[in-house]
Amino acid sequence: PRRTSATVAALMLSLAMVVGLGGIAAASYESISEWIASTFNPDLFLSTSEQIGSRTFRFPASMTDELRQVPGVAEVQPVRTFPVKVGGAPVVLVAIPMAAVAARTSARQAVQGDFLEMHRIGGEGKGLVISENLAQLQALKLGQTLDIPTPAGWLRLPVAGVVRDYSGQQGTVFLDSSVYQRYWKSDAVDIFRVYLQAGARSAEVKQRILERFSGQRRLFVLLNKEVKDFIFQITDQWFGMTYVQIFIAVLVAVLGIVNTLTVSIADRRRELGVLRAVGGLASQIRHTIWLEAAMIAAVGLILGLALGAVNLYYQLEMSRRDFSGMTLDYRFPWTIAAALLPVIAGAALAASIGPAEAAVRGSLVEALEYE
(Lines give C-alpha, C1' and ligand atoms only; values in the text may rest on other atoms or scores of the structure.)
Protein backbone atom coordinates (compact mmCIF):
# COMPACT_ATOMS: atom_id res chain seq x y z
CA PRO A 1 0.00 0.00 0.00
CA ARG A 2 2.77 2.47 0.81
CA ARG A 3 4.38 1.92 -2.56
CA THR A 4 1.28 1.94 -4.74
CA SER A 5 -0.79 4.57 -2.93
CA ALA A 6 1.16 7.43 -4.50
CA THR A 7 0.58 6.02 -7.98
CA VAL A 8 -3.13 5.45 -7.34
CA ALA A 9 -3.41 9.01 -6.00
CA ALA A 10 -1.62 10.45 -9.04
CA LEU A 11 -3.81 8.42 -11.39
CA MET A 12 -6.94 9.47 -9.47
CA LEU A 13 -6.04 13.17 -9.64
CA SER A 14 -5.13 12.97 -13.32
CA LEU A 15 -8.40 11.27 -14.22
CA ALA A 16 -10.35 13.72 -12.05
CA MET A 17 -8.81 16.54 -14.06
CA VAL A 18 -9.71 14.76 -17.29
CA VAL A 19 -13.34 14.41 -16.19
CA GLY A 20 -13.46 18.05 -15.08
CA LEU A 21 -12.02 19.38 -18.33
CA GLY A 22 -14.18 17.08 -20.42
CA GLY A 23 -17.32 18.02 -18.51
CA ILE A 24 -16.69 21.75 -18.86
CA ALA A 25 -15.96 21.32 -22.57
CA ALA A 26 -19.18 19.36 -23.10
CA ALA A 27 -21.30 21.82 -21.11
CA SER A 28 -19.75 24.82 -22.87
CA TYR A 29 -20.17 23.32 -26.32
CA GLU A 30 -23.82 22.50 -25.67
CA SER A 31 -24.55 25.98 -24.31
CA ILE A 32 -22.74 27.71 -27.19
CA SER A 33 -24.58 25.54 -29.71
CA GLU A 34 -27.95 26.55 -28.23
CA TRP A 35 -26.95 30.22 -28.30
CA ILE A 36 -25.84 30.01 -31.92
CA ALA A 37 -29.01 28.19 -32.97
CA SER A 38 -31.27 30.79 -31.33
CA THR A 39 -29.30 33.95 -32.18
CA PHE A 40 -27.59 33.39 -35.51
CA ASN A 41 -30.72 32.64 -37.52
CA PRO A 42 -30.64 35.21 -40.40
CA ASP A 43 -30.27 33.77 -43.90
CA LEU A 44 -27.42 36.13 -44.81
CA PHE A 45 -24.88 38.30 -43.00
CA LEU A 46 -23.23 41.33 -44.59
CA SER A 47 -19.83 42.18 -43.19
CA THR A 48 -16.88 44.36 -44.19
CA SER A 49 -14.56 41.41 -43.64
CA GLU A 50 -14.51 37.68 -44.32
CA GLN A 51 -14.16 37.28 -40.56
CA ILE A 52 -17.45 38.44 -39.14
CA GLY A 53 -15.80 39.64 -35.94
CA SER A 54 -13.64 42.26 -37.71
CA ARG A 55 -14.56 45.93 -37.08
CA THR A 56 -12.00 47.69 -39.32
CA PHE A 57 -14.55 49.15 -41.77
CA ARG A 58 -18.23 50.08 -41.35
CA PHE A 59 -21.34 50.53 -43.46
CA PRO A 60 -23.52 53.65 -43.58
CA ALA A 61 -27.06 53.25 -42.26
CA SER A 62 -28.38 54.31 -45.68
CA MET A 63 -27.53 50.83 -46.96
CA THR A 64 -30.43 49.45 -44.96
CA ASP A 65 -33.06 50.79 -47.39
CA GLU A 66 -30.94 49.85 -50.41
CA LEU A 67 -30.72 46.25 -49.19
CA ARG A 68 -34.47 46.08 -48.65
CA GLN A 69 -34.98 46.87 -52.34
CA VAL A 70 -32.97 43.83 -53.46
CA PRO A 71 -35.35 41.15 -54.84
CA GLY A 72 -35.80 38.30 -52.37
CA VAL A 73 -34.95 40.32 -49.24
CA ALA A 74 -37.72 40.39 -46.63
CA GLU A 75 -36.06 42.14 -43.67
CA VAL A 76 -32.76 43.86 -42.85
CA GLN A 77 -31.45 44.41 -39.32
CA PRO A 78 -28.44 46.74 -38.85
CA VAL A 79 -26.08 45.88 -35.99
CA ARG A 80 -23.40 48.06 -34.38
CA THR A 81 -20.93 46.51 -31.90
CA PHE A 82 -18.20 48.26 -29.91
CA PRO A 83 -16.57 48.19 -26.43
CA VAL A 84 -17.73 50.37 -23.52
CA LYS A 85 -17.00 50.58 -19.80
CA VAL A 86 -19.63 49.33 -17.37
CA GLY A 87 -18.75 49.23 -13.70
CA GLY A 88 -15.10 49.73 -14.60
CA ALA A 89 -14.98 46.59 -16.76
CA PRO A 90 -14.78 46.45 -20.57
CA VAL A 91 -17.99 45.01 -21.99
CA VAL A 92 -19.44 44.74 -25.48
CA LEU A 93 -22.28 47.07 -26.43
CA VAL A 94 -24.57 45.87 -29.22
CA ALA A 95 -26.97 48.32 -30.84
CA ILE A 96 -29.84 46.55 -32.65
CA PRO A 97 -33.46 47.21 -33.65
CA MET A 98 -34.68 45.39 -30.56
CA ALA A 99 -38.32 44.88 -31.49
CA ALA A 100 -37.40 43.42 -34.89
CA VAL A 101 -34.72 41.15 -33.39
CA ALA A 102 -37.11 39.85 -30.72
CA ALA A 103 -39.64 38.87 -33.38
CA ARG A 104 -37.01 36.75 -35.15
CA THR A 105 -35.12 35.29 -32.16
CA SER A 106 -35.99 32.28 -30.02
CA ALA A 107 -37.12 33.27 -26.52
CA ARG A 108 -35.36 30.30 -24.90
CA GLN A 109 -32.20 32.37 -24.31
CA ALA A 110 -34.00 34.54 -21.72
CA VAL A 111 -32.53 34.04 -18.24
CA GLN A 112 -34.41 36.70 -16.26
CA GLY A 113 -37.51 38.57 -17.33
CA ASP A 114 -39.93 38.07 -20.21
CA PHE A 115 -38.13 37.93 -23.55
CA LEU A 116 -40.69 39.87 -25.60
CA GLU A 117 -41.39 42.40 -22.84
CA MET A 118 -37.71 43.23 -22.28
CA HIS A 119 -37.25 43.87 -25.98
CA ARG A 120 -40.40 45.99 -26.14
CA ILE A 121 -39.06 48.17 -23.33
CA GLY A 122 -35.66 48.31 -24.98
CA GLY A 123 -37.21 49.17 -28.35
CA GLU A 124 -38.92 52.17 -26.73
CA GLY A 125 -35.58 53.36 -25.38
CA LYS A 126 -36.65 52.82 -21.78
CA GLY A 127 -34.33 49.97 -20.80
CA LEU A 128 -31.34 47.75 -21.53
CA VAL A 129 -30.91 44.01 -21.94
CA ILE A 130 -27.71 42.54 -20.50
CA SER A 131 -25.98 39.19 -20.77
CA GLU A 132 -26.03 36.57 -18.05
CA ASN A 133 -22.29 36.77 -17.38
CA LEU A 134 -22.44 40.57 -16.91
CA ALA A 135 -25.29 40.18 -14.42
CA GLN A 136 -23.37 37.50 -12.53
CA LEU A 137 -19.94 39.16 -12.50
CA GLN A 138 -21.27 42.58 -11.43
CA ALA A 139 -24.21 41.36 -9.31
CA LEU A 140 -26.78 43.22 -11.44
CA LYS A 141 -30.50 42.68 -11.07
CA LEU A 142 -33.66 43.52 -13.00
CA GLY A 143 -34.58 47.16 -12.60
CA GLN A 144 -31.10 48.23 -11.53
CA THR A 145 -29.81 51.29 -13.40
CA LEU A 146 -26.66 51.09 -15.49
CA ASP A 147 -24.43 54.10 -16.13
CA ILE A 148 -22.73 54.02 -19.54
CA PRO A 149 -20.40 56.82 -20.73
CA THR A 150 -21.29 58.23 -24.17
CA PRO A 151 -20.13 61.23 -26.28
CA ALA A 152 -23.38 62.99 -25.30
CA GLY A 153 -22.97 62.35 -21.57
CA TRP A 154 -24.00 59.52 -19.28
CA LEU A 155 -26.62 57.07 -20.51
CA ARG A 156 -28.67 55.85 -17.56
CA LEU A 157 -31.22 53.13 -18.19
CA PRO A 158 -32.60 50.27 -16.08
CA VAL A 159 -31.96 46.60 -16.76
CA ALA A 160 -35.09 45.27 -18.45
CA GLY A 161 -33.94 41.68 -18.88
CA VAL A 162 -31.08 39.18 -18.85
CA VAL A 163 -30.26 36.80 -21.70
CA ARG A 164 -27.60 34.18 -22.33
CA ASP A 165 -25.01 35.57 -24.71
CA TYR A 166 -21.35 34.87 -25.47
CA SER A 167 -20.42 38.01 -27.41
CA GLY A 168 -18.20 39.42 -24.64
CA GLN A 169 -16.06 37.68 -22.04
CA GLN A 170 -16.85 40.35 -19.43
CA GLY A 171 -20.44 40.82 -20.54
CA THR A 172 -22.71 42.32 -23.19
CA VAL A 173 -25.20 45.19 -23.16
CA PHE A 174 -27.97 45.38 -25.77
CA LEU A 175 -29.72 48.66 -26.56
CA ASP A 176 -31.95 49.91 -29.34
CA SER A 177 -30.38 51.44 -32.44
CA SER A 178 -32.31 54.67 -31.91
CA VAL A 179 -30.70 55.14 -28.47
CA TYR A 180 -27.27 54.48 -29.93
CA GLN A 181 -27.77 57.05 -32.70
CA ARG A 182 -29.03 59.65 -30.23
CA TYR A 183 -26.21 59.30 -27.70
CA TRP A 184 -23.26 58.37 -29.91
CA LYS A 185 -24.22 60.70 -32.80
CA SER A 186 -23.49 57.97 -35.33
CA ASP A 187 -25.44 55.68 -37.62
CA ALA A 188 -22.51 53.42 -38.61
CA VAL A 189 -23.26 49.71 -39.02
CA ASP A 190 -20.88 46.77 -38.56
CA ILE A 191 -23.12 43.93 -39.77
CA PHE A 192 -26.42 43.60 -41.57
CA ARG A 193 -28.59 40.62 -40.65
CA VAL A 194 -30.68 39.76 -43.72
CA TYR A 195 -33.81 37.60 -43.80
CA LEU A 196 -35.14 36.35 -47.12
CA GLN A 197 -38.63 36.07 -48.48
CA ALA A 198 -40.29 32.66 -48.56
CA GLY A 199 -39.00 30.66 -51.50
CA ALA A 200 -35.96 32.88 -52.13
CA ARG A 201 -32.62 31.11 -52.50
CA SER A 202 -29.73 32.32 -50.41
CA ALA A 203 -27.12 31.86 -53.13
CA GLU A 204 -29.17 33.83 -55.68
CA VAL A 205 -29.90 36.72 -53.30
CA LYS A 206 -26.25 36.78 -52.27
CA GLN A 207 -25.24 37.22 -55.90
CA ARG A 208 -27.79 40.02 -56.39
CA ILE A 209 -26.43 41.89 -53.37
CA LEU A 210 -22.86 41.56 -54.61
CA GLU A 211 -23.88 42.83 -58.07
CA ARG A 212 -25.91 45.69 -56.56
CA PHE A 213 -22.99 47.07 -54.53
CA SER A 214 -20.14 45.99 -56.82
CA GLY A 215 -17.58 48.79 -57.04
CA GLN A 216 -19.42 50.87 -54.41
CA ARG A 217 -18.86 49.14 -51.09
CA ARG A 218 -16.38 46.82 -49.50
CA LEU A 219 -18.60 43.96 -48.38
CA PHE A 220 -18.74 40.23 -47.93
CA VAL A 221 -22.01 38.32 -48.01
CA LEU A 222 -21.89 35.25 -45.78
CA LEU A 223 -24.43 32.46 -45.74
CA ASN A 224 -25.88 31.34 -42.42
CA LYS A 225 -23.94 28.08 -42.58
CA GLU A 226 -20.67 29.88 -43.28
CA VAL A 227 -21.06 32.10 -40.20
CA LYS A 228 -21.93 29.17 -37.94
CA ASP A 229 -19.03 27.13 -39.31
CA PHE A 230 -16.68 30.07 -38.57
CA ILE A 231 -17.89 30.33 -34.98
CA PHE A 232 -17.68 26.57 -34.43
CA GLN A 233 -14.17 26.57 -35.90
CA ILE A 234 -13.04 29.08 -33.28
CA THR A 235 -14.83 27.07 -30.59
CA ASP A 236 -13.19 23.84 -31.73
CA GLN A 237 -9.76 25.45 -31.54
CA TRP A 238 -10.34 26.21 -27.87
CA PHE A 239 -11.64 22.71 -27.23
CA GLY A 240 -8.59 21.35 -29.07
CA MET A 241 -6.40 22.82 -26.33
CA THR A 242 -8.65 21.16 -23.76
CA TYR A 243 -8.16 17.76 -25.35
CA VAL A 244 -4.39 18.29 -25.39
CA GLN A 245 -4.59 18.78 -21.63
CA ILE A 246 -6.62 15.59 -21.35
CA PHE A 247 -3.98 13.70 -23.33
CA ILE A 248 -1.23 15.02 -21.05
CA ALA A 249 -3.19 13.94 -17.98
CA VAL A 250 -3.58 10.40 -19.34
CA LEU A 251 0.12 10.32 -20.26
CA VAL A 252 1.03 11.28 -16.70
CA ALA A 253 -1.14 8.44 -15.42
CA VAL A 254 0.55 5.91 -17.71
CA LEU A 255 4.05 7.03 -16.74
CA GLY A 256 3.04 6.78 -13.08
CA ILE A 257 2.07 3.14 -13.50
CA VAL A 258 5.32 2.35 -15.34
CA ASN A 259 7.39 4.04 -12.66
CA THR A 260 5.58 2.32 -9.80
CA LEU A 261 5.90 -1.16 -11.28
CA THR A 262 9.58 -0.60 -12.11
CA VAL A 263 10.33 0.50 -8.56
CA SER A 264 8.20 -2.35 -7.26
CA ILE A 265 10.28 -4.94 -9.12
CA ALA A 266 13.50 -3.39 -7.83
CA ASP A 267 12.23 -3.40 -4.22
CA ARG A 268 11.00 -7.01 -4.43
CA ARG A 269 13.97 -8.42 -6.27
CA ARG A 270 14.79 -10.95 -3.54
CA GLU A 271 11.13 -11.84 -2.97
CA LEU A 272 10.63 -12.61 -6.66
CA GLY A 273 13.90 -14.57 -6.69
CA VAL A 274 12.62 -16.78 -3.85
CA LEU A 275 9.38 -17.42 -5.75
CA ARG A 276 11.36 -18.52 -8.79
CA ALA A 277 13.69 -20.67 -6.66
CA VAL A 278 10.83 -22.64 -5.09
CA GLY A 279 9.28 -23.38 -8.49
CA GLY A 280 7.35 -20.28 -9.45
CA LEU A 281 6.83 -20.27 -13.20
CA ALA A 282 7.71 -17.28 -15.34
CA SER A 283 4.08 -17.07 -16.48
CA GLN A 284 2.88 -16.97 -12.86
CA ILE A 285 5.22 -14.11 -12.01
CA ARG A 286 4.21 -12.23 -15.15
CA HIS A 287 0.55 -12.66 -14.21
CA THR A 288 1.29 -11.35 -10.73
CA ILE A 289 2.81 -8.15 -12.15
CA TRP A 290 -0.02 -7.78 -14.68
CA LEU A 291 -2.65 -8.18 -11.98
CA GLU A 292 -0.91 -5.60 -9.82
CA ALA A 293 -0.98 -3.13 -12.71
CA ALA A 294 -4.64 -3.95 -13.38
CA MET A 295 -5.59 -3.33 -9.75
CA ILE A 296 -3.71 -0.02 -9.68
CA ALA A 297 -5.56 1.03 -12.83
CA ALA A 298 -8.95 -0.17 -11.59
CA VAL A 299 -8.73 1.50 -8.18
CA GLY A 300 -7.33 4.70 -9.68
CA LEU A 301 -10.04 4.74 -12.36
CA ILE A 302 -12.92 4.24 -9.92
CA LEU A 303 -11.63 6.87 -7.50
CA GLY A 304 -10.73 9.21 -10.37
CA LEU A 305 -14.21 9.12 -11.90
CA ALA A 306 -15.80 9.67 -8.50
CA LEU A 307 -13.52 12.57 -7.65
CA GLY A 308 -13.95 13.90 -11.20
CA ALA A 309 -17.72 14.09 -10.76
CA VAL A 310 -17.24 16.24 -7.66
CA ASN A 311 -14.44 18.23 -9.28
CA LEU A 312 -16.64 19.04 -12.29
CA TYR A 313 -19.35 20.46 -10.03
CA TYR A 314 -16.93 22.76 -8.23
CA GLN A 315 -15.24 23.86 -11.46
CA LEU A 316 -18.60 24.85 -12.95
CA GLU A 317 -19.48 26.78 -9.79
CA MET A 318 -16.09 28.52 -9.66
CA SER A 319 -16.31 29.41 -13.35
CA ARG A 320 -19.78 30.87 -12.89
CA ARG A 321 -18.98 32.79 -9.72
CA ASP A 322 -15.42 34.02 -10.31
CA PHE A 323 -14.46 33.84 -13.99
CA SER A 324 -16.98 33.69 -16.84
CA GLY A 325 -20.24 34.42 -15.02
CA MET A 326 -21.94 31.82 -17.23
CA THR A 327 -24.23 29.20 -15.74
CA LEU A 328 -23.43 25.91 -17.46
CA ASP A 329 -25.55 22.82 -17.01
CA TYR A 330 -23.91 19.88 -15.23
CA ARG A 331 -23.10 17.23 -17.82
CA PHE A 332 -21.00 14.29 -16.69
CA PRO A 333 -18.81 13.32 -19.69
CA TRP A 334 -19.95 9.71 -20.02
CA THR A 335 -18.35 9.42 -23.47
CA ILE A 336 -14.94 10.38 -22.11
CA ALA A 337 -15.42 8.14 -19.07
CA ALA A 338 -16.28 5.20 -21.33
CA ALA A 339 -13.23 5.91 -23.49
CA LEU A 340 -10.99 6.00 -20.41
CA LEU A 341 -11.85 2.41 -19.46
CA PRO A 342 -10.04 0.71 -22.37
CA VAL A 343 -7.37 3.41 -22.52
CA ILE A 344 -6.32 3.04 -18.88
CA ALA A 345 -6.67 -0.76 -18.99
CA GLY A 346 -4.54 -0.94 -22.12
CA ALA A 347 -2.04 1.53 -20.70
CA ALA A 348 -1.73 -0.51 -17.50
CA LEU A 349 -1.11 -3.70 -19.49
CA ALA A 350 1.47 -2.00 -21.70
CA ALA A 351 3.12 -0.43 -18.66
CA SER A 352 3.45 -3.81 -16.94
CA ILE A 353 5.14 -5.64 -19.82
CA GLY A 354 8.62 -4.17 -19.25
CA PRO A 355 8.68 -4.63 -15.44
CA ALA A 356 7.21 -8.16 -15.76
CA GLU A 357 9.92 -9.22 -18.18
CA ALA A 358 12.55 -7.68 -15.93
CA ALA A 359 11.19 -9.74 -13.03
CA VAL A 360 11.49 -13.08 -14.84
CA ARG A 361 14.65 -12.47 -16.85
CA GLY A 362 16.90 -11.19 -14.06
CA SER A 363 19.71 -13.30 -12.65
CA LEU A 364 18.40 -15.70 -9.99
CA VAL A 365 21.81 -15.83 -8.27
CA GLU A 366 21.99 -12.04 -7.99
CA ALA A 367 18.41 -11.89 -6.73
CA LEU A 368 19.12 -14.34 -3.87
CA GLU A 369 22.57 -13.17 -2.83
CA TYR A 370 23.11 -11.27 0.45
CA GLU A 371 24.88 -7.94 0.56
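How do the residues of the lining of the largest cavity divide into nonpolar, polar and charged? The model examined here is predicted. A search of the whole structure finds 1 cavity of 30 Å³ or more, and the volume of the largest cavity is about 40 Å³. Its lining is formed by Ala27, Glu30, Ser31, Glu34, Arg164, Asp329 and Arg331. These lining residues comprise 1 nonpolar, 1 polar and 5 charged.

The interior was examined next. In soluble globular proteins, nonpolar side chains tend to be buried together. In the predicted model, the largest nonpolar core contains 24 residues. Within this core, the most other members are touched by Val18, Ile257, Leu340 and Ile344. At least two residues of the core are supplied by each of the helices α1 (2–39), α8 (224–267), α10 (282–323) and α11 (334–361). The surroundings of valine 18 can be listed in detail: when residues up to four places away in sequence are not counted, valine 18 touches Ile246, Ala249, Val250, Ile336 and Leu340.

Attention then turned to a charged residue in a strand. Glutamate 75 lies in strand β2, which covers residues 73–86. The side chain of glutamate 75 is joined to that of arginine 104 by a polar contact of 2.9 Å. With residues up to four places away in sequence again left out, glutamate 75 touches Arg104 as well as Ala100, Arg193, Val194 and Tyr195.

Technical notes. Residues numbered from 1 in each chain as written. Predicted model: local features only at pLDDT ≥ 70, side-chain atom pairs only at ≥ 80, totals over all residues. Heavy atoms only, no water. Core = buried A, V, L, I, M, F, W, Y, C linked by side-chain atoms within 4.5 Å. Buried < 20%, exposed > 50% of the residue type's maximum accessible area, 1.4 Å probe, protein only. Helix = DSSP H or I, 4+ residues; strand = E, 2+ residues; numbered from the N terminus. Contact = heavy atoms within 4.5 Å. 1 Å grid on protein atoms, 1.4 Å probe; cavity = no way out; pocket = protein on both sides within 12 Å on 5 of 7 lines; lining within 4 Å. Points joined across faces, edges and corners; volume = space filled by probe spheres on them. Nonpolar A, V, L, I, M, F, W, Y, C, P; charged D, E, K, R; others polar. Polar contact = N/O pair within 3.5 Å; in protein donor to acceptor, adjacent residues only side chain to side chain.
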